[in-house]
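This briefing goes with the sequence and coordinates shown here. Please keep the structure open while reading the points.

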Amino acid sequence: MNTTTNNSQMTAQEARSGTEKTIDRSFFWTTRILALAVAGVLLWIAGQVAWNSIPAIQQFGLEFLATAAWNPVEELYGVLPMAYGTVVSSFIALLLAVPVGLACAIVLSENFLPLSIRTSLTFLVELLAAIPSVVYGLWGIYVLIPFLQPIGRWFHDNFGYIPLFATQYAGPGMLPAGVVLAIMILPIIAAISRDSLAAVPSELRWGSYGIGSTRWQTIFSVLIPAAFSGIVGGIMLGLGRALGETIAVTLVIGNSNNLSFSILAPANTIASLLANQFAEASGLQKSSLFYAGLVLFVITLIVNILAYWIIQRVKKY
């Protein structure tokens with residue numbers, strides 16, 4: 001009787017083990033296929049954009065990157081002002097959002113405030129990510145730009161000899177675009193940085209306290225370095241959002257295709273250029289817009305490669 005029972009249990013266990021192995025193999029191959037599918041979709045999109053860019057690439061070559069004119073009448077196209085506006089507006093956004101986002105992450109992950117207040121603040125910060133882009137753009141037009149006008153005028157009056165403030169500030173431009181982008185990427189940086197800091201093992205924190213470190217020494221010398229890869233990942237996700245943002249930037253940047261090094265002057269980005277002109281474009285202009293989209297794709301790729309390189313360099317130390 002006992003022998004029969006043991007044999008039944010062993011048979012059930014073997015059958016269960018075989019089923020589990022089959023499920024594991026199925027799950028493994030399913031996830032692998034889905035991962036390859038994502039990579040395939042990315043390559044397919046890049047290939048389609050590159051294919052439609054061929055007429056413009058043949059016509060302008062690499063001069064497209066160094067030409068500051070965008071003239072559909074004469075069919076003369078160059079993406080330099082838009083590429084410059086994309087990079088600079090995103091840089092302004094990072095310059096404003098990274099310290100604020102990191103500060104929010106530190107406050108929300110440490111015991112500076114009661115738990116109920118931290119929970120409410122976390123919800124409010126993450127709620128910023130749910131606001132539609134067009135709402136940010138409208139807020140930028142009717143609130144942010146009138147607020148920044150006297151500030152920009154003061155910078156121009158006192159530092160107008162510096163190319164950065166050489167243009168009289170009159171309304172939409174690079175500065176309000178950078179500020180709007182900073183607000184839009186702030187919840188991404190803050191949320192991911194907070195999760196990265198919260199995931200640091202508590203042994204590191206208490207070990208630092210045990211050798212006599214203060215709270216701020218522990219935060220800057222132990223917690224932030226330990227969570228650095230996650231923080232950089234959040235920053236890169238925010239940068240990717242800033243590089244590709246369209247509607248909000250289109251409403252506040254001024255949509256000027258002239259190259260100006262002043263952050264107080266109207267400017268343009270590649271995403272805004274595509275949004276404004278693609279619907280009515282045809283022929284060489286449409287191909288040039290695809291070429292501009294390909295340039296934006298390459299810029300994003302370079303940023304991600306640079307971020308990966310930074311993370312790998314930090315992990316070595």
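The model is predicted. The protein holds twelve helices and two strands. Its radius of gyration is 26 Å, whereas a compact globule of 317 residues would have one near 20 Å.

**Overall fold and dimensions**

- Along the sequence, the elements come in the pattern α-α-β-β-α-α-α-α-α-α-α-α-α-α.
- Taken along the principal axes, the C-alpha atoms of the protein fill a box of roughly 95 × 55 × 40 Å.
- Of the 317 residues in the protein, 38% are buried.
- When contacts between residues at least 6 apart in sequence are considered, 73% of them join residues at least 24 apart.

**Aromatic pairs**

- The protein has ten aromatic pairs.
- One of these pairs is formed by Phe60 and Phe64, whose rings are 6.2 Å apart centre to centre, with 35 degrees between the planes.
- Phe278 and Phe290 make an edge-to-face pair, because their planes stand at 80 degrees, and their ring centres are 5.3 Å apart.
- Phe278 lies in the loop between helix 11 (270–277) and helix 12 (283–316), while Phe290 belongs to helix 12, so this pair ties together parts that are twelve residues apart in sequence.
- With a relative accessible area of 31%, Phe278 is partly exposed.
- Phe290 has a relative accessible area of 19% and is therefore buried, the cut-off being under 20%.
- Phe60, Phe64, Trp70, Tyr77 and Tyr291 are linked by ring pairs into a cluster.

**A charge over a ring**

- Arg32 places its charged end over the ring of Trp29, at 4.9 Å from the ring centre.

**Helix 8**

- Thr218, Ile219, Leu223 and Ile224 are buried in helix 8 (residues 215–226).
- Viewed down the axis of helix 8, the buried residues fall within an arc of 140 degrees, so they line one face of the helix.
- The buried residues of helix 8 pack against helix 3 (80–109), helix 6 (174–198), helix 7 (202–210) and helix 9 (228–244).

**Gln285**

- Gln285 is found in helix 12.
- Gln285 is buried because its relative accessible area is 13%, and the limit is under 20%.
- Once neighbours within four places in sequence are left aside, Gln285 is in contact with Trp70, Pro72, Tyr77 and Gln277. Among these contacts, Trp70 and Tyr77 also belong to the ring cluster.

**Gly85**

- Gly85 sits in helix 3.
- The relative accessibility of Gly85 is 0%, so this residue counts as buried.
- Leaving aside neighbours within four places in sequence, Gly85 is in contact with Met174, Asn268 and Thr269.
- Gly85 and Trp70 are 15 residues apart along the chain, and 14 Å separates their C-alpha atoms.

Definitions and conventions. Residues numbered from 1 in each chain as written. Predicted model: local features only at pLDDT ≥ 70, side-chain atom pairs only at ≥ 80, totals over all residues. Heavy atoms only, no water. Phe/Tyr/Trp six-rings, centres within 6.5 Å; stacked < 30°, edge-to-face > 60°. Helix = DSSP H or I, 4+ residues; strand = E, 2+ residues; numbered from the N terminus. Buried < 20%, exposed > 50% of the residue type's maximum accessible area, 1.4 Å probe, protein only. Lys NZ or Arg CZ within 6 Å of the ring centre and 35° of its normal. Rg over C-alpha atoms; globule rule 2.2 N^0.38 Å. Contact = heavy atoms within 4.5 Å. Arc of directions from axis to C-beta.
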